[in-house]
Structures are given as C-alpha cells and as structure tokens.
Amino acid sequence: MKTQITNSVPARTVPTLPLVQAAMIAALYVVLTFIANALGLASQAIQVRFSEALTILPYFTPAAIPGLFIGCLLSNILTGCALPDIIFGSLTTLAGAIFTYKLRKYKWLAPVPPIVANAIVIPFVLLYAYGVRPLWFSFVTVTIGEILSCGVLGMLLLFALNKYRSKLFT
C-alpha cells in the first residue's frame, strides 16, 4: 500500500537565474582577484584589480549586488587580508554595488559609486589594518587604482556586455 504525502503549503520557488548569476559573479570576482595578485597588480601603491571592473554589473542586474559582495568577501578571506579589510572592504563593495544599481538609468555613472566608496573607505582600512601612511597618499593611490579598475576597465566591460545584454541579463 502506497501512502501519498501531500503538502498543504505550496512550495516556494526560488528564481534560479539570479541565484546562478550571483554565484557566477562571485566566482569570477575571486578568480580575477587571484589573477591580479599573481601578476603583482594588487600589491603596488596603485592597485589595478581586474575584479573591480565587475562592479559595473549592477547596471545590468540586481543579482550582481550579492555576487560582488560575496566575491569580495571570499577574495579578502582567501588572500589573507586583515579582518578590518575583510569586513569594511566587503561592505564598501556592497555599498558601491547598491548605488550602481540605483544609478542604472545613467550608463556613464555606473563606475562612480564603487570609485567613490573605495576612495573614501579603503584609505582608512589601509591605515588601521596595515599601518599604511600617509593617509593622503592612500587617498590618491586608491582613487587612481579605482579609476583605472572601475572607470576604465569597468566601462570597457560595460560596453562589451551591453551588446549582449538581452541574452546575458534577462
């Protein structure tokens, strides 16, 4: 005799595509961080991180917001960053991603939130977590690195992906 179990509460479906997009973005962020580290681009005074170019992705999809946050968090943990860098660096990426999404109507502003967020927060992280001085120098170098990573590489990525927007980000 077979017993059929019925669930009176309908199953809640989780949208698969945004979950997969967020996971892919997080994984790509980690891989690109490791590549930049291996090439020595993330350890100089002016740091150019390929993964920061991904910060324009909330322009296309809100799934990029958790993807960038988790990718940054994992990257900071796996590359041995100090605890303040893990916490505040990841939260800074999250803030930049949220504001990029909020400004998505303005294509040219897509890289501005992560540039500004990192330029303001990360020099203090470098000072308190790693003792990098002088603070003004960190403001200059972090801002230049973010302009190169988010502004230049990010906008190149935005224009490249914009051609395939309807196929990649439905």
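Modeller: Let me start with a term: a residue is called buried under 20% relative accessible area, exposed over 50%, and partly exposed in between, using a 1.4 Å probe and the protein chains only. This is a predicted model, in which local features need pLDDT of at least 70 and side-chain atom pairs count only at pLDDT 80 or more, while totals for chains, interfaces and linings use all residues. Residues are numbered from 1 along each chain as its sequence is written, and side-chain values use heavy atoms, with hydrogens and water left out.

Colleague: Okay, is Ser 90 buried or exposed?

Modeller: Ser 90 counts as buried because its relative accessibility is 1%. Ser 90 belongs to helix 3, residues 83-102, where helices are DSSP runs of H or I with at least four residues, strands are runs of E with at least two, and both are numbered from the N terminus.

Colleague: And what does Ser 90 touch?

Modeller: Not counting residues up to four places away in sequence, Ser 90 touches Phe 69, Cys 72, Leu 73, Asn 76 and Asp 85, a contact being heavy atoms within 4.5 Å.

Colleague: Let's zoom out. How many helices and strands are there?

Modeller: The protein has 6 helices and 0 strands, and its C-alpha atoms fill a box of roughly 75 × 35 × 30 Å along the principal axes. Of its 170 residues, 39% count as buried, and among contacts with a separation of 6 or more, 68% are between residues 24 or more positions apart.

Colleague: Which residues touch the most other members of the largest nonpolar core?

Modeller: Those are Leu 54, Ile 56, Leu 57, Phe 60, Leu 68 and Leu 158, out of 18 residues in that core. Helix 1 (16-38), helix 2 (64-78) and helix 5 (135-162) each supply at least two residues of this core, and the largest share, 4 residues, comes from helix 2. By nonpolar core I mean a set of buried Ala, Val, Leu, Ile, Met, Phe, Trp, Tyr and Cys residues joined through side-chain atoms within 4.5 Å. In soluble globular proteins, nonpolar side chains tend to be buried together.

Colleague: What is Leu 158 in contact with?

Modeller: Leaving aside neighbours within four places in sequence, Leu 158 is in contact with Ile 56, Tyr 59, Phe 60, Lys 107 and Ala 110. Tyr 59 and Phe 60 also form one aromatic cluster with Phe 169.

Colleague: Changing topic, how many aromatic pairs does the structure hold?

Modeller: The structure holds 5 aromatic pairs, where rings of Phe, Tyr and Trp (its six-membered ring) pair if their centres lie within 6.5 Å, and planes under 30 degrees apart count as stacked, over 60 as edge-to-face and the rest as tilted. One of them is the edge-to-face pair of Phe 124 and Phe 139, at 5.5 Å centre to centre with 85° between the planes. This pair links distant parts of the chain, with Phe 124 in helix 4 and Phe 139 in helix 5, 15 residues apart.

Colleague: Why does Phe 124 count as partly exposed?

Modeller: Phe 124 counts as partly exposed because its relative accessibility is 36%, and Phe 139 is partly exposed with a relative accessible area of 27%.
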